[in-house]
Amino acid sequence: MIVIYDELYTEHLKGIDHPESPDRVAGVASYLEKSGLFGGREPARDATDAELAFVHPAAYLERVRRDVAALGARPGYLSTGDTVLDHSSLAVARRAAGGAIVAMERAVETNDAVFALVRPPGHHAEPARGMGFCIFGNAALAAHAFVQQNGGRALIVDFDYHHGNGTQAMARDGVSFVSTHAYPAYPGTGGPSEQSIADDWAVVNVPLPPHSYGTEAFVATWQRALPEVARRVRPDLIVVSAGYDYASGDPVGDLGADGPQSAAALAALIREIGAEYANGRVVYCLEGGYDVATLARSVAATLRSHDAAPASERADPGSIPAPQRSILERVEATCP
Ligand SMILES: [Zn+2]
C-alpha cells in the first residue's frame, strides 16, 4: 500500500512531554520499514489556503497563524482552547492536511487504498475551533477535496476511541460520517441521539461503553454498522479516521479491544465495502494511538490485511451488547 509520510511530521511538539508525540509517526515509520511495508512511501505536500477553506473559514486559519507567530521558543495553547502548539505547528498541520489530500488523489488515481501517516491528527478540529490534539480536519478535508474535484460522495469511517466532533461538524454536501467511540468520554459529543440522515449525507454515531468493550463486540459492531451505512450513502470514496487508541493498554483511550487483531478485521471489512461501492478507493488517515509499539503493530496489521484481501471473518453478532444493538437497529430502520 502507498504510505504518505513526511519527515516534517516529527517537528510538531518535538522535545515537549505530550502523548501526541513525534515518536508516534517516527515509531510507525521505522516499524513499517523493518517489516518491509514502507516500499510504497511517497511524499506529502502542503495544503493550500484554498484547500483548507473547504472546511475552515479564513478567519480560523488567520487565528492559527497569529497564535503560532506569537509563540517564542516555548510552547503555548491555541486560543480556541486545549490544543498545544509550538513554533512549527502551523507548518506541520498544513502538511498533515496536504498529506491527507495527496492520499485521496493517489487513491483515486490507483483505485486502491493509501495510508496517510500524518500528525497532528484532525478529527476533533471543528471548522473554527481547534480542539484536543487537532488543528485542521485532515480526514474531512480529504473527503471534501474529493467531492470538489470529482463530484460524488465520500464516507468517513471513524474507529478512533474518541468521537470525531470536528468531522461530524463538517459532514454535509456529499460527505457522510459514521463513528464508534467511547461515551461518555472526551469530547463529550456523539451520544445516541446525534444521528442525521439528509438526502446526500448522513451522520451515524454508535457510542460504546468507555472500557472493556472487547475485540469481538468492537468488530461485530462495525460489521453490522458499516454495510448498512454504506448501503444508504453509496460512497464513491471511503476515508478512514484510523485512530488506534481503542487498543487495550492505550494510555489515553483503551476500549479493551486488541489493537492489531481489530485493525486486521476492520481493514478486511473496509476493503470489502470499498470494493463494493468505491472502486477500491480508500484513504486511511492516522488519528489517535498513543502506545507507540501497539500503534506500529496495528498500522502494520491494517496495511497487511487490506493488501492481502482475506475474506473478513464474521465476529459473533451476539457479542454486541443490547444498548448498541438497539442503536444499530434504529440505524438499519432509517436505511432503506
Ligand atoms: Zn482518539
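Biologist: Which residues of β11 point one way, and which the other way?
Modeller: V282, Y284 and L286 point one way from β11, and V283 and C285 the other way. All of them are buried. Buried means under 20% relative accessible area, exposed over 50%, partly exposed in between (1.4 Å probe, protein chains only).

Biologist: What kind of model is this, and how are residues numbered?
Modeller: This is a predicted model: local features need pLDDT of at least 70, side-chain atom pairs count only at pLDDT 80 or more, and totals for chains, interfaces and linings use all residues. Residues are numbered from 1 along each chain as its sequence is written, and side-chain values use heavy atoms, with hydrogens and water left out.

Biologist: Back to β11. How many of its residues are buried?
Modeller: 5 of the 5 residues of β11 (residues 282-286) are buried, so the strand is largely enclosed by the rest of the structure. Strands here are DSSP runs of E, at least two residues; helices are runs of H or I, at least four; both are numbered from the N terminus.

Biologist: Which strands are joined to β11?
Modeller: β5 (residues 113-116) runs parallel to β11, with 4 bridges. There, A116 has C285 as its bridge partner. β10 is also parallel to β11, joined by 5 bridges. V240 has Y284 as its partner. Two strands pair if DSSP finds at least two bridges between them.

Biologist: What is the strand order in the sheet?
Modeller: The order is β2-β1-β5-β11-β10-β6-β7-β9-β8, an open sheet of 9 strands with mixed pairing. β2 (41-42) and β8 (196-197) are the edge strands, and each pairs on one side only.

Biologist: New topic. Which residues are the protein donors of the zinc ion?
Modeller: D160 (OD), H162 (ND1) and D245 (OD), at 2.0 to 2.1 Å from the zinc ion. Donors are N, O and S atoms within 2.8 Å of the metal (3.2 Å for Na, K and Ca); water is not among the atoms, so sites may look incomplete.

Biologist: Where do D160 and D245 lie?
Modeller: D160 lies in the loop between β6 (154-158) and α6 (165-169), and D245 in the loop between β10 (237-242) and α8 (259-277), so the pair ties together parts that are 85 residues apart in sequence.

Biologist: Are those two buried or exposed?
Modeller: D160 is buried, and so is D245.

Biologist: Last one, α4. What span should its 22 residues have?
Modeller: At 1.5 Å a residue, α4 should span 32 Å; its end C-alpha atoms are 31 Å apart, which agrees. The expected span is 1.5 Å times one less than the number of residues. Just after α4, N111 takes a positive phi of about 50°.
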